[in-house]
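Look at the structure first, then read on.

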Amino acid sequence: MTLIAIYCTLIFLYSLVSKRLERTVITAPILFTAAGGVALLLIPELRGRDYNFKLLLQVAEIGLVLLLFTDASKTDLAILKSIRALPLRLLSTGMLLTIVLGTLAAMGVFPNLTLWEAGILGAILAPTDAGLGQIIVSSPRVPMRIRQALNVEAGLNDGLSVPFMLFFIALAESGAAGQKGVLGRFIMEQLGYGALIGIGIGLAGGLLLGLAHRKQSIAEALQKLGVIALPLLCILASEAAGASMFIAAFIAGLAVQVGFKEAGRHSVEFAEDWGQMFNLAVFFLFGLLAARAWTQFTPAALLYAALSLTAVRMLPVRLALAGTGLSRTTVLFMGWFGPRGLASIVLGLVYLEQELHNPGEATIRIAVMATVLLSIFAHGLSAMPGINLYAAKIAALPPAAPEHQGI
């Protein structure tokens, strides 16, 4: 109750000054993460409580499920049809290389990690966060093509990273248990069942919503609730079947468009309100837990965090964008603004929930926390200055430059 009271008070106070804060470098994730850390310092009884982990996991899972469904439902798949599309390059070559490079970096920085544990860490930290990069993708000073590419990438790579993480978890579990068939069973339950649940709920829900819309039997105000009920049903069905709720929600968001084209608009309307409440709650609780684990942030964890946000992200982006004709400034800008946030927090919690008790579990937990914490502040504080510097650099580019062309 104490945490809820603090969070609700913070939400109210933030709403009072939110417009003024938009013109500063203090982003909402920075504010709520810092508030969580301060709360731990000022209220001694919050220290050492085990239930904080479960609370964070539950809130974060709901937040990511809603985010995955929303991002998928509003995604225009036509954007990805061209092999020259920037989002496709970032989501294919860029993401795969990010996972590989993140795995190699983890093995180099943390010699105690096995190959599969390093792969888990690389997959957890591969997705970028659209929320942390909101300033970038909404700024009119950034060319539309660049904004759209970063937004589509952040919207889809969290869902695409889930199968890789589950794959490495299955391999780690198989090795730890010494049992044959664990990998196949895990993939079938988590990925296969999750995809089937997503397709079933998405198609059925979309067709029914579309029919009700055409028959004018559904009130306009309740269409939003009807759409948002679908990812919540994915959570319940996945829990019952032992499947991945994230895969189910992501697939459902894509499938719902078949029967109801307006699904994306209604899900976005909900996400901008209640979804924001869930997401900020995650950052608040994350700040509290990060403050509690502050003494465990080793030099190796901080080094990996720095590598994850720089070389592990920037080199794959550079290779993925080769041949596009984009300027070095643009490539550097897109490489730097790949923040790690909500998706990495949730995927890290999902890994810990498996309770594999692998030797590298503590290392993975601290590395993820250090990377996300560094990203929240580094990307948040550099967003406004970065936009100003980038806008000044590309102002000299000719109108025919790739930055000013379609996506």
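## Cavities in the model

α4 makes the biggest contribution to the lining of the second largest cavity, giving 4 residues. Helices here are DSSP runs (H or I, at least four residues), numbered from the N terminus. A cavity is a set of points, on a 1 Å grid over the protein atoms alone, where a 1.4 Å probe fits but cannot get out, and lining residues have an atom within 4 Å of a point.

The model is predicted, and totals for linings use all residues. Residues are numbered from 1 along each chain as its sequence is written.

The lining of the second largest cavity is formed by Leu90, Gly94, Met95, Thr98, Ala126, Glu153, Asn157, Arg313 and Val317. Two or more of these residues come from each of α4 (86–109), α7 and α13 (311–320).

By this rule there are 4 cavities of 30 Å³ or more. A volume is the space filled by probe spheres set on the points, and grid points are joined across faces, edges and corners.

| Cavity | Volume | Lining by class |
|---|---|---|
| Largest | about 80 Å³ | 7 nonpolar, 4 polar and 3 charged residues |

The largest cavity has a volume of about 80 Å³. It is lined by 14 residues, of which Gly133, Leu150, Ala154, Phe337 and Pro339 are the closest to its centre. Two or more lining residues come from each of α6 (134–137) and α7 (144–177). α7 provides the largest share of this lining, 4 residues.

Key. Predicted model: local features only at pLDDT ≥ 70, side-chain atom pairs only at ≥ 80, totals over all residues. Heavy atoms only, no water. 1 Å grid on protein atoms, 1.4 Å probe; cavity = no way out; pocket = protein on both sides within 12 Å on 5 of 7 lines; lining within 4 Å. Nonpolar A, V, L, I, M, F, W, Y, C, P; charged D, E, K, R; others polar.
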